[in-house]
Amino acid sequence: MTEIFAALPAGGTIFNALAVLIGSMLGLTAGKFIPEKMHDTIFNCLGLFTMYVGINMTLNTKHSIAVLLSLILGALTGEILGLEDKLTSLGDTLKAKLHASNARFTQGFVSSTLLFCVGSMAIIGAFEDGLRHNPEILMTKGVMDGIAATMLAGSFGVGVIFSAVSVLVYQGVLTFAASGLETFITADMYANISGLGGLMIMGIGLNMLKVTRLKLCDMLPGLVYVVFLTMIFAAN
């Protein structure tokens with residue numbers, strides 16, 4: 001199967017998006033057979049596991065101060081640009097156009113988009129696919145995302161399906177841009193991107209557990225800041 005997707009432009013991303021789509025559809029079907037009182041229990045388990053994934057990613061951090069500054073600067077930039085509000089508005093627009101009645105539609109779209117797109121596997125996998133036509137990392141990520149999508153869709157509903165489009169666009173752009181970026185991104189940058197992405201994913205878990213109401217989309221510009229701040233810290 002790897003050879004098939006390796007022959008396609010952005011084949012790893014296509015596989016990843018299909019896995020999210022299929023997983024979401026399975027979750028929607030299975031979700032109908034799960035009693036309502038069990039949804040919160042499943043949701044809490046997902047929140048805890050999401051935090052675990054985020055914590056594991058933060059362990060790769062090389063320059064903690066660079067990551068902290070990137071998080072702060074990214075959050076301020078995102079708040080000025082209104083990124084969280086725009087993504088939420090997009091989710092609300094999709095909900096209205098589809099006449100979806102699920103109250104968690106927008107939350108499902110936003111949370112799953114962040115979970116599947118924020119992280120080093122998406123970036124490293126896209127670079128590997130774009131430069132070496134090796135989709136294995138993104139295919140592995142696709143299996144993981146598909147399982148997560150199944151569970152998320154069972155709790156959030158149809159909004160999770162549309163995160164497949166986010167994966168397709170985000171990772172697709174990174175794959176095609178990889179040839180111009182690969183020589184620029186260092187191992188330390190990858191590590192700090194992973195650390196920052198892990199903090200954001202921990203935030204998703206906290207939001208799912210209803211401990212916080214963090215505007216995580218506003219923090220996304222931090223992924224740009226961390227690249228340049230890593231250059232500064234690595235030079236000293």
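## Charges

Lys and Arg count as positive and Asp and Glu as negative, while His and the chain ends are not counted. The place of a charge is taken as NZ of Lys, CZ of Arg, CG of Asp or CD of Glu. On this basis the protein has 12 positive and 14 negative side chains, and the centres of the two sets lie 10 Å apart.

## Basis of the values

This is a predicted model, in which local features need pLDDT of at least 70 and side-chain atom pairs count only at pLDDT 80 or more, whereas totals for chains, interfaces and linings use all residues. Residues are numbered from 1 along each chain as its sequence is written, and side-chain values use heavy atoms, with hydrogens and water left out.

## Overall fold

The protein contains 11 helices and 0 strands; helices (H or I, at least four residues) and strands (E, at least two) are DSSP runs, numbered from the N terminus. The C-alpha trace spans about 55 × 40 × 30 Å along its principal axes.

Buried residues make up 48% of the 236 residues, where buried means under 20% relative accessible area, exposed over 50%, and partly exposed in between (1.4 Å probe, protein chains only). Taking contact to mean heavy atoms within 4.5 Å, 83% of the contacts between residues at least 6 apart in sequence join residues at least 24 apart.

## Ser111

Ser111 is located in helix H6 (residues 105-117). Ser111 is buried because its relative accessible area is 14%. Leaving out residues up to four places away in sequence, Ser111 touches Phe156 and Ile204. The C-alpha atoms of Ser111 and Cys217 are separated by 9.4 Å, although these residues are 106 residues apart along the chain.

## Aromatic pairs

The whole structure holds 4 aromatic pairs. Rings of Phe, Tyr and Trp (its six-membered ring) pair if their centres lie within 6.5 Å; planes under 30 degrees apart count as stacked, over 60 as edge-to-face and the rest as tilted. One of the pairs is Phe49 and Tyr52, with centres 5.8 Å apart and planes at 40 degrees, so the pair is tilted. Both residues lie in helix H3 (residues 36-58), 3 residues apart, about one turn of the helix. Phe49 is partly exposed at 48% relative accessibility, and Tyr52 is partly exposed at 47%.

Phe105 and Phe162 also form a tilted pair, 5.9 Å centre to centre with 50 degrees between the planes. Phe105 lies in helix H6 and Phe162 in the loop between helix H8 (136-156) and helix H9 (163-181), so this pair ties together parts that are 57 residues apart in sequence. Phe105 is buried, with a relative accessible area of 0%, whereas Phe162 is partly exposed at 21%.
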